[in-house]
Amino acid sequence: MNKATRKAIIAGNWKMNMTPSEAAVAVKKTAELVEGKNGCEVVLCVPFVDIAAAVEAAKGTNVKIGAQNVHFEAKGAFTGEISAAMLVECGVEYVVIGHSERRQYFGETDETVNKRTKAALAAGLKVLLCLGEVRDERLAGITDEVVSMQTKLDLAGISAEDMKNVIIAYEPVWAIGTGLTATPEQADETCGVIRATIAKLYGNDVAEATTIQYGGSMNDQNAAELLSKYHVDGGLIGGASLVPEKFDAIVTAAQ
Ligand code: PEP
């Protein structure tokens, strides 16, 4: 197994943008542009309230719909939360877990990321598991230790079989929404550290088969070079995914 045989995944993370009617238009437009570009999986992760409109608009296209979070309990008194079964029944195939904005603003920890990941996998969802260092950690030279520790904690208790449905999104926090991008070499090196950590946990075959995305100000200008790197198997894209033409350019770069 090597880069050529790993499935590249280009996923948009719309964050808190787009109403349902706007979502329907944007999904249709994106689907038109990416039609036939089957060299990578194309995913749009939309706000919960947009899911129905997005799933409907994506029917019969090669765009898959994802959510941006999921709760770890199956049901009960968890006001404002959404379960994995609810997402599955709505036609969702992917879910972002552990995004840095959730870790930073909503108290997400490696422990809750791990619990959410287990719940999502048990329900049959594919997980886009986000991790990455903050600026001070990179400046202190401890990026490798940080991403390795997050990888181990976030994947604790997850089986090698379940790893088939786990995609890691390496997102240096200092590069998200800032216009600062990791250099292709930095992205490759740190995705390589994550892959080496997965190899320690699960062995080389699982590590070589795992899709590892880069995320952090990826756009139509820098995508081709980032995606050309051995350990970078796709992208998780925020800002640029809101503009179908820009997102399509990234999908094209991944072919
Ligand atoms: C993200 O939201 O995961 C992200 C990478 O955002 P942006 O592309 O805007 O930096």
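## Packing of α1 and α2

The axes of α1 and α2 cross at roughly 25° and come within 8 Å of each other. This is a predicted model. Angles under 35 degrees count as roughly parallel, and α1 and α2 are therefore roughly parallel to each other. The crossing in which α1 passes α2 is right-handed.

On the α1 side, the residues that meet α2 are Pro-20, Ala-24, Val-27 and Lys-28. Their partners in α2 are Ala-53, Ala-54, Ala-57 and Ala-58. Sorted by class, this contact has seven nonpolar residues, one charged residue and no polar ones.

Helix α2 spans residues 51-58. Which of its residues are buried? They are Ile-51, Ala-54, Val-55, Ala-57 and Ala-58. These residues lie on the same side of α2, because they cover an arc of only 165° around the axis. An α-helix has 3.6 residues a turn, so residues three or four places apart point the same way.

Ala-52 and Glu-56 are exposed, and the face that carries them is turned away from the buried side of α2.

## What covers the buried side

The cover over the buried residues of α2 includes two helices, α1 (20-34) and α3 (84-89), together with the strand β3 (63-67). Ala-54, Ala-57 and Ala-58 are buried, and they are also among the α2 residues that meet α1.

## After the helix

Gly-60 follows α2. The phi of Gly-60 is positive, near 75°.

Technical notes:
Residues are numbered from 1 along each chain as its sequence is written. This is a predicted model: local features need pLDDT of at least 70, side-chain atom pairs count only at pLDDT 80 or more; totals for chains, interfaces and linings use all residues. Side-chain values use heavy atoms; hydrogens and water are left out. Buried means under 20% relative accessible area, exposed over 50%, partly exposed in between (1.4 Å probe, protein chains only). Helices (H or I, at least four residues) and strands (E, at least two) are DSSP runs, numbered from the N terminus. The arc is that of the directions from the helix axis to the C-beta atoms. Contact means heavy atoms within 4.5 Å. Axes are lines fitted to C-alpha atoms, for helices over the stretch in contact, and angles run from 0 to 180 degrees between N-to-C directions. Angles under 35 degrees count as roughly parallel, over 145 as roughly antiparallel, 65 to 115 as roughly perpendicular and the rest as oblique. A crossing is left-handed if the near helix is turned anticlockwise from the far one by less than a right angle, and right-handed if clockwise. Ala, Val, Leu, Ile, Met, Phe, Trp, Tyr, Cys and Pro count as nonpolar, Asp, Glu, Lys and Arg as charged, and the others, Gly among them, as polar.
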